[in-house]
Every structure is written in structure tokens, then in C-alpha cells.
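Hi everyone, thanks for coming. I'd like to walk you through a structure that may be new to you, so let's bring it up.

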Amino acid sequence: MNLRELVSALNDFASLSLAESWDNVGLLVEPSPPHTVNTLFLTNDLTEEVMEEAVQKKADLILSYHPPIFTPLKRVTWKTWKERLVVRALEHRIGIYSPHTAYDAIPLGVNNWLTKGLGACTSIPLHPSTAPSYPAEGTHRVEFCADNTEHLDTVLSKIKDMQEISCLTTLSARVEGEKQTRVSLNCSQKALLEVVALLSQNSLLYEKTEILLLQKPLLPHTGMGRLCTLSKPASLSDIIDRIKSHLKLPYIRLAVGVGKTLESPVKKAALCAGSGSSILKGMEADLYLTGEMSHHDVLDAVANGISVILCEHSNTERGFLSELRDMLALHLQNKVNIIVSEEDRDPLQVA
């Protein structure tokens, strides 16, 4: 596949509109076109060791879950390791693409994979994603009633001349026993100011005006973090063993909630892959599961009787790559060879 076709397919797999506003996602490094991708190389973190592996395995595009370019680069030299990644990528005609929080949000993404470490459970997003657009044109709906047809015709004529007005409808109605005309329209934030200014010229119209803020609909099963309800409560000790097995870890970090023990039952668990403090904060659950949390957020959780399991940041994400490889192979109809990095690993170890 050529690079642009592949990037389009990757964007279809997980819309970049689902990523957090602070994130840096999408195609980050693009070799000069035309560029054919025969081998897609998956990694959680793009380090220099992983880049060398990608070069040796003749990768044409690296999908790095974490964006290796996050803060702006002022120059591309051989001085810093992130600059060297860009140099190496371009020298070897390797593109770099990062989905990051878009993969956190999708129904079959990183957080969904992490829920499997708890055992059988149902889950919902902690912070649901909204659709990228409104269900109808415009951000606001304006509705008002009028009983003076001649004056109403003048108002409607002026509204029709305005920009960014849509879905303008009129309907006969009875208000307090009087026959009136109910007007409804959608408009942008900018047009709303014009509509309100027009209606305010007539106190009777203005007093009967309602303004509704249109909400973008929530996307089912999509969003940040997950609140999981276990099919059968399990002891904290059992949950620890399950998570270690799922993440293939010999250890985890544990803070037991006040009043709880290793035998205390876990029915609800709130989780977030990576760094979960901002997503988990204030959520009611028996357990928080994430890669890392601030010291004070751990203390808050424990004081509220919530146990905390920390597995280090990328350990809660990396195992998803194997599932991702299989899903992308199906999505891309096996048109590209997909391999997972063997050098990619969490930088923290127990010494």
C-alpha cells in the first residue's frame, strides 16, 4: 500500500478526532512521496534501540503508540535522541505514525484490553467521547412564538438573509388558547447573536424566545478509562494474580485502601492505561488500576478506602500491540506485513 492509503486506513480504524486535545497524533514523519509501505512496525515507545530494530527489519512505517514528537522541535540535528529519531527515519525512508489517546478511546482499544486482566466483567467508559459533529447543523436551536403574521413575515425574511442559519421551520400552535405560529431554527454561535439582536427589537417575541445549546451525542462504548463491574466479586489478592498474569509481570505496586485487606472483595474497578490520575480521580470503585499515579492521588484514594494497583506506565499498554497486530491485519486485508517490536520495553526495572 502507498503511505497515504495506509494512513487513511489507520485513521478509519481509529478516528484521530477521539484523541485528547493536548495530544500529538497522526502522521508525524513523512518520507518524500511516493512511498510504499510493505512492512508496518508496531511499538509502544520509539527509542533509538527500537529505531535500529525497525531499520534492520526494513520497516517502511513505524506505528508508535506514544508520539515520539510531542513538544515542538526547533531544529533536527544529531544532538538529542528525539532529533536523531527523525534523522534516522528520513535517512531510511521510514514514516512515523502515532495514534496514542485515539487508541485509548476506541471500544476495542488499549483500555478494553486492560480490562481483560480483571477477569469476566462488563465495562463502560469513565469519560465518554462525543461525536465529532453536532446531530444537526449549528450549535444552538432558537424557538419562539408569534401571533402577528405580518410582523412575523418581516422577521422571517430578515432571518433568511442571515448566514449560518439552518433548519428554519414554522408550525401552527395554540398557546394559552390563542392561535400562534411557532418558529424553530438552528444557528451557529455567531448567527445566534444576530438572531437575538433581531428578536430583542420586539419585546413580545423576545419574551417568548427559548435558546437551546445543542449537545454532541455520546459515542457508545467509546471514551477514556473504564469502570468495570466484575461478574463475580474476587478478593484483592486474586485480582493481583490475574493482573500479573495478563500483563506478564513478576510484580506490581500496591496500596491497600484504609479498612481493606488482601482478602477484601473487589466488585468495581476503575482503570486507565498509562498515567491514570486525572481520569480516575474521584471515581467510586473498590480498586484503581493504572500504570502510574501521583503520590498525593494515591494517598487520596487509599484514604477513601480504594486500593491502588500500579504496574508502571507502558506495562499497562504494551501487551495490546499483539492484539492490535491481528486487528490491523484484518482491517488492512493482509496487504501489509505487520510486525511487533522485540526491543520495546518499559525503562524501569527492579534492581
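**A first look at the chain**

Let's start with the secondary structure: the protein chain has 12 helices and 15 strands. Its radius of gyration is 27 Å, well over the 20 Å that the globule rule gives for 351 residues, so the chain is more spread out than a compact globule. Please keep in mind that this is a predicted model. If you draw a box along the principal axes, the C-alpha atoms fill roughly 85 × 60 × 40 Å.

How much of the chain is buried? Of the 351 residues, 48% count as buried. As for contacts with a separation of 6 or more, 72% are accounted for by residues 24 or more positions apart. The accessible surface comes to about 18,300 Å², and carbon and sulfur atoms hold 52% of that. On the charge side, we have 34 positive and 42 negative side chains, with the centres of the two sets 2 Å apart.

Now for a few local details. Most residues other than glycine have a negative phi, and most peptide bonds are trans. With that in mind, look at the bond from P33 to P34: this peptide bond is cis, with omega near 0°. You'll find P34 in the loop between β1 and β2.

Which phi does H221 have? H221 has a positive phi of about 60°, although it is not a glycine. H221 sits in strand β10, residues 218-235, and is exposed, at 58% relative accessible area.

Q333 also has a positive phi, about 55°, and is not a glycine. Q333 belongs to the loop between α12 and β15 and counts as exposed, with 56% relative accessibility.

How values were computed
Residues numbered from 1 in each chain as written. Predicted model: local features only at pLDDT ≥ 70, side-chain atom pairs only at ≥ 80, totals over all residues. Heavy atoms only, no water. Helix = DSSP H or I, 4+ residues; strand = E, 2+ residues; numbered from the N terminus. Rg over C-alpha atoms; globule rule 2.2 N^0.38 Å. Buried < 20%, exposed > 50% of the residue type's maximum accessible area, 1.4 Å probe, protein only. Contact = heavy atoms within 4.5 Å. Areas by Shrake-Rupley, 256 points an atom, 1.4 Å probe, with all protein chains shown as cover. Lys, Arg positive; Asp, Glu negative; His and termini not counted. Charge placed at Lys NZ, Arg CZ, Asp CG, Glu CD.
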